[in-house]
Structures are given as structure tokens and as C-alpha cells.
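Here is a short tour to read alongside the sequence and the structure.

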Amino acid sequence: MLEMRGIVKEFPGVRALDHVDLLVRAGEAHCLLGQNGAGKSTLIKILAGVHRPDEGTITFNGADYRPSSPLHALRAGFATIYQELDLVDGLSVAENILLGHEPARLGFSLRGRANAVARQVLARLGHPEIRPTTEVGRLSPAAKQIVSMARALSHEAKLIVMDEPSAALAHDEVANLFRIIRELTAQGVAVIYISHRLEEIREIGDRVTVLKDGRTVEVGLPARDTPTDRLVSLMTGRTVEYLFPPRASRPPGQEILRVEDLTGPGVSFSVREGEIVGLAGLVGSGRTEILEAVYGARRAAGRVYLHGRQVRPGEPHTMVRRGLGLAPEERKAQALLLDQSVTANITLGSLPGFARLGWLDRAREAEEARRLADLLAIRPPDPERPIKTLSGGNQQKAVLARWLVGNRRLLLLDEPTRGVDVGARAELYAVIRRLADQGIGVLLVSSEVPEVLGLSDRVLVMREGALIHQADAAELDEHAVLDMIMQGSLTP
Amino acid sequence: MTSPDLKKAAPSGLLGRTGLTGLGQARHLGLVAALVLLAAVGLVTRPDTFATTSNLVSILSLAATIGVITVGMTFVIIGGGIDLSVGAIMALASVWATTLATQEFGPFVMVLCALLVGTGAGLVNGLLISYGRLVPFIATLAMLVAARGLAQRMSDRKTQLVQAENTALVELSTTRWLGIPLLVFIFALVVALGWVVLNRTTFGRRTYAVGGNPEAARLAGINVRRHTMLLYALSGLCCGIAAVLIMARTTTGSSTHGDLYELDAIAAVIIGGTLLTGGRGTIIGSILGLLIFTLITNLFILNGLNTSDQLIAKGLIIVVAVLLQRRNLKERTL
């Protein structure tokens, strides 16, 4: 039904997809498996008409398929349900379901007809209790997902992609989701199901395609009979080797940070001077919440101690004054002033240090920025350039450089290498290790297990908001950690 | 007036020194060109009256009041907000400073009173917006209505004259230095101070950061709420200064002062190339925008044209300016 052959997609500095194949039959639930950064999202976005492939062919129902826009993809019978649901909260259920193709005559919408169509689609999904006139903003996450699916069905979608649909759902709701998927496939609709939970894949999937580092490593394995071992090793066997700097030889120094029951019971750990502590876990497992709670950017239960003294959770600006620094997950949305120079971005976290009575010493500012740009090898080596002209890796270095100004004691790094190509990664790793060697404590979050294991001294494993394991990084291997973080949600 | 402005414009803005400077300059150049064009129209249509000292001085005196407000407005808009209450705050400050009770204490206290009232009202705006989490549009709209009402109440809707013993205040507009009234110098001083604060201090840098990406500013350790509050207080202070200028020029305090000033100030800022979304803009641009507006008013008056046509012309200018800037912006991002 859907046949993708030899798909190549390159972004500046990265080959996101390297001759990927995907074959989906009508009426099957096809699972797409792979670690973060393996290329799943890029593949989906090509199908949805968001990206265009550089090479390769796609045939859909026997015809050549080259979607030029999401609308085009939708018209062709291809619908995507993203993790972040794209519903309009202020509109009714029926209006959301029929958004973009409302029944209308002479520009007047026909509400009765719309409600009837919506009711019919919802009934088909086994949810007649969702009323078409309810405002979507008042629905539960699970119900919103149903509405999202109803929208896909209202377009007569033949192929529906679900990107981690169970992430926002409780257990019984997942069971219901699976019932719907079975009904859809029974009606001949194909479903591409993306999940990190292997148990789910066994439960609902017919066949599995495994992606790794932008390549297809296995096409169409039987989902129920392939041993877990084999799936995990298919996902992990690396072709790209990361270069990690050697770990510190001397033992870590005094405790900088200690948290107790932060964000949830049992989430207690500490970070010492010169130590890199890695938080491993899936997106949504509570890693980012911990960083934000420590940094004062989020209110959370629990206690935080700095240098042995309990601190009241403040705002980020008080934590910055106490010597903390955060490199957030979303570089562009949360860290950068895109219009401004590299220098202005680097000094943003320590402006008072460059000023006397509020008056900026711009020469000293430029000098410091130049020193750090040299130290981190930020390219091009001109700190007066607007930061938006730099590559992702170099932007990330500038975000790190922001916290190298002045005396930081503890750095919180959230996905520091996201969107950074392999070469620049090695440089970033070396920089982070060098910081630790200078006595700074680092708390690192990454979705990439090899990165957490390779860079950290100690590893904390998170799953669904709970801290399930703590160990020295040397005692763990990728396989074991992946096993821990990917335990299915159906068997609590 | 225009050529030193242009020279100042070159190193202005945080973007400085790199390839962007050229385009930044080009943007100001466009505004200067528009000013020159308008001046040429003035010279051709009214050669006898346009280029006279008295006319030029009256243009600058007119521009001074709104000009001071425009400086504060530029800060607020670069910081990602909007202040609709400027005209009303100015009216309130002028009324408060000209009540008989205040006037008893002499001109110095009148000035102090106007500044305090302006800053205080701005501070209330800031508190509502940063700590009360009100949308700036709504908070300052409420202030617009309420401050105007309070001004009417205090003055009983009567125009309050500056008393004979306080004419020292009026001398700001009557005393001339190099043939130019003192209040124009005050305007120039406020512009210069505004430029310095925006471009050479941590406060200015934070203003760009808070307007450009509030979340990034917060996570970089900037106290975004306090800064936002201070921006509105600053705008209020500018309204207080403007109140002093208008009292000096008209010798009155009145609840009708500054009607629709907020629209002129916002228009000047927009024409000057400051983005309403925040994070980008210059003081020089705003002042050039304001001068263009004032010059248009002057030309219409000199030529005895209808004030309604003048409004239509101003509306067109706003649209054209923004369209041109959008093209500029696209070229830059490419």
C-alpha cells in the first residue's frame, strides 16, 4: 500500500535519512522503532508533506506520491497524529474534526450536518459519548486524542501515523486506543505506530521496521515473535562511534547539589564537584522537570540543598546568582536571542559582571566573548556575527559559553547535543569534561543512552517520573539501560 | 538636525558593527530621505513661510511633548509590550501638578509632582502586567480610561492655569537659547539619555532580551518580571516629563491634554522600524518617525489643507512604512 524506497534527506551538516526503506500493507499496524535521532520523525514528516526527500521514491496505493504540503498529504488520504495534538481548544469537537473541510453552503456552515458527521465518526471510533458540541479545551487528553483520530478519519485517511500516542495516556486509555487501532486496521486502514515501549509494540504491532542512525536496519520483522534482545541490539549496534573524553582520574570533591524527593517520592540524588551525573530516560520521564525544579524555573515538591544548605525554590535569577546555569532543551525557544550577536548571547547570563553602575563595558564584554569563542572553537570565529547565522552546534557552544563566564558551580545541561552533528559533538563532550575537571558539577540530561553512559561518571535512570536506578556509569551498558527505560507501560 | 542623527544611527543598536549595520543604516536612511522629501515639499509649496526660524521652532516644540513620550514607548515596545495610557497619564500629571494645592509649593514641586504622578501611574501599569499577569494592552487600556477619569475628577473638567507666581515653569518654553526654546533642549536631552540607556547599559541590553525572547531571558537569570515593571515605570516617567513640557507650552493643566497621543507615539515607533513583537528597534528610528509625522501636520497647516486629509495621509504613511520594512526584513533573513 505504501512503499518508500531509498529515501535520503539531508539537513545542513547532518544526513538525517540515508537510503531508508519502509513498506506498509493495507490493514496492518506497522511499528517504527528506533532511538532518538534515528530519523523516525524526519521520515514521518516526509510522508506528511512537511519535508521533501532529496532522493528516493514513494508510491502510495500504486501511484507516485510526492506530497507538497500537509494539506496535500491529507487529501491523498494520509493523516498524522502528533504527540502534541494540533487541536483548536476554543472550537467545538465537531468544528475540530471537520476543520478545513466544514460542510457549508454559500459560505454558511451547516452546523447540523457537521455535528451529524462528527457524531458518526466518533461512533465509529467507539466513543459516542463525546458530544460534537463540547468545547475541545474541556476534554481530557485521552478524549482529545480520540478527536484527533476522528479528524483523520473524517478525511477518509487510508494511512494514519501515530507518533507516541500512548505517551499522554493512562493505562486503561491505552487499552482503548489499541481497541480503536484494531478496528481501524480491520477496516483496511493502515497504521504506522511509533513508540518507545516495546511491550506496546508486541501488543498492537503486526510488523516492525527498525531505524538506526538514519538507516533501515531491518524491514518488516514480525512484531510478536522477534525476541526483545534482538530488537534492542538492532537499535543499539552503532555504526557511528562517538568519541568520549576519558573520565576524571581523581575522585569527585565536595557535594554541590543534593535533592530529596524532588518532583516525586524517591527522586533523591547528589552532584559533587568535578562530577558529571547523567539522567537517562525517555522524553516525558521527568528528566527535564528535575532540571527545571533545581533551577527554580518550575515549582515542584521536594527539597533542594546547595552546598549542604537547603534553599527555597526561587526564580532562575536567584539560582543564577547562587552559581547555577541551565542550558535548556529547546535552544531556539529557550536560550537564544536570535537577532543578536554571539557576544550578546554569551554575556546575557552575567551582564552585571560587565557593568559598573549599570554602564556596560563593551570592550571587556567583547574581549571575554572572543576568549570563550576561541576556547570552545566557535566557528566562524567572529563573535560579532548575529547568532542565527551559526550552525546548531556552534549555537549550542555559545549557550555553553554563556555559563563559562564568571564562577559557575553547577551546570544543568538538557540535551546539550540535540541537533549537533557528530564532529561538533566530540568537541562539546571534551568541553563538558574539561569543565568538570575544573571542579564544576554537571547534571546532564540526554535521550541518547550512549551519550549519557559515555560522558557521565554516574548515571540515574528515570522512568515515568520515578528514579529507578543509580549506578556508576562504568557498571552499566547501553543494553541494560535501554531495557530499564523502555519497560512497557502495560505491565506496571 | 538630520545629519548628526544619521551619524549616531550607525553604531546604534545591539546589532552593531557587522553586516547588519549597513541595512540598519539603510533603514534610517529611508526615514531621513522621507524627511528630506517632506522638507522639499514644504520649500516648494510655501517658500515664504516653511523655512523660517519660527516655523522650524514650532515644529520642534510640537514634536517635543510627544517625542519624550515616544522615547518611553520605544523602550516598552522593544521590551515586548505596549502602553496605551501615555496620553492619559500625561493629562493626569499635568492636572495634579496644577492644582492650587500643589501650586502653593512653587514650580519645583510642581515638576516633581508631575514626574512622581507619571512614574507612579506607570508603576501601577507595570505591577498589573508583571505581577498581576494582565496583558499589557488590557492593563494600559484600563489605565487610559481611569487616569483620564481621575484627571477630570481632580480638575472638575476645568482647565487649570499655571499661577502667576509659578511662571518660572512657563519660561521653559519662552526662554530661548540659540534661538531655540529650552523645552526643545529638554526633549533632545531625553532622547540622548534614552539612546545611552538603551545602547550602553545593562538595562538596555535586558530590554532587548526580555522583548526578543522572554523565556531565554528568564532562564539566563534575568528577572523578567521586575524588568517589565521598570519599563512601564520608565514610560510613566516620560509621561511626567511630557506633562511638564505641555504645562510650559500651554500654561495649563487639563484633563484633555494628550488626547490620542498614544496613537501618535505608537505610530512613530512603528514607522521608526521597531517591531511590535519586541526585541528589535532603535530610539533614533522612533524620533525620525515622529519628525515625519510632525512635519506632515505642519505642511498641511501651512498649506491650509483639511485636517481630515492629514489623518488619511498619516494612515497611509504607517502602512507604507511597515510594508517597506517588511521587505527589508525579508532581505535580511535571507
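Two strands are said to pair if DSSP finds at least two bridges between them. With that in hand, please keep in mind that this is a predicted model. Chain A is divided into domain 1 (2–236) and domain 2 (255–485), and 34 Å separate the centres of these two domains of chain A, taken over C-alpha atoms.

- In chain A, six strands make an open sheet with mixed pairing, in the order 6-9-10-3-11-12.
- Strand 6 (78–81) and strand 12 (215–222) of chain A are the edges; each has a single partner strand, so one side of each is left without a neighbour in the sheet.
- On average, neighbouring strands here are turned by 20 degrees against each other, direction ignored.
- Strand 11 (residues 207–212) and strand 12 of chain A run antiparallel and are joined by five bridges; within this pair, A:Leu211 stands opposite A:Thr216 of strand 12.
- Helix 1 (residues 40–47) of chain A packs on the sheet, where it touches strand 3 (29–33), strand 6, strand 9 (159–163), strand 10 (190–194) and strand 11 of chain A. The direction of helix 1 makes about 150 degrees with that of strand 9 of chain A.

**A closer look at strand 3 of chain A**

- Is strand 3 of chain A mostly covered or uncovered? Strand 3 is mostly covered, with five of its five residues buried.
- A:Ala29, A:Cys31 and A:Leu33 point one way from the strand, A:His30 and A:Leu32 point the other way, and all are buried.
- Strand 3 runs parallel to strand 10 of chain A, with four bridges between them; A:Val191 in strand 10 is the bridge partner of A:Ala29.
- Strand 3 also pairs with strand 11 of chain A in the parallel sense, over four bridges, and A:His30 stands opposite A:Arg207 in strand 11.

- Chain A has an open sheet of six strands in the order 18-21-22-15-23-24, and its pairing is mixed.
- Its edge strands are strand 18 (324–327) and strand 24 (466–472) of chain A, each pairing on one side only.
- Neighbouring strands of this sheet are turned by 15 degrees against each other on average, direction ignored.
- Strand 21 (residues 410–414) and strand 22 (residues 441–446) of chain A run parallel and share five bridges, and A:Leu412 has A:Leu443 in strand 22 as its bridge partner.
- Helix 9 (residues 287–295) of chain A lies across strand 15 (276–280), strand 18, strand 21, strand 22 and strand 23 (458–463) of chain A, at about 150 degrees to strand 21.
- Helix 17 (residues 478–485) of chain A packs on the sheet too, touching strand 15, strand 23 and strand 24 of chain A; its direction makes about 30 degrees with that of strand 23.

**The largest nonpolar core**

- Which of the 242 residues in the largest nonpolar core touch the most other members? They are A:Val442, B:Ile69, B:Met90 and B:Leu92.
- Helix 12 (residues 224–250) of chain B gives the most to this core, with 18 residues.
- Domain 1 and domain 2 of chain A both give residues to this core, so it lies between them.
- Leaving out residues up to four places away in sequence, A:Val442 touches A:Ile276, A:Val277, A:Leu411, A:Leu413, A:Ile432, A:Leu435 and A:Ala436.

**Where chain B touches chain A**

- 25 residues of chain B are in contact with 28 residues of chain A.
- On the chain B side, helix 10 (202–212) and helix 11 (214–219) of chain B are the elements giving two or more residues, and the largest share, seven residues, comes from helix 10.
- By class, that side has ten nonpolar, eight polar and seven charged residues.

Terms used. Residues numbered from 1 in each chain as written. Chains lettered and ligands numbered in written order. Predicted model: local features only at pLDDT ≥ 70, side-chain atom pairs only at ≥ 80, totals over all residues. Axes fitted to C-alpha atoms, helices over the stretch in contact; angles between N-to-C directions. Contact = placed C-beta atoms within 7 Å. Core = buried A, V, L, I, M, F, W, Y, C linked by C-beta atoms within 7 Å. Buried ≥ 20, exposed ≤ 12 C-beta atoms within 10 Å, placed from the backbone. Domains from an automatic or database assignment. Nonpolar A, V, L, I, M, F, W, Y, C, P; charged D, E, K, R; others polar.
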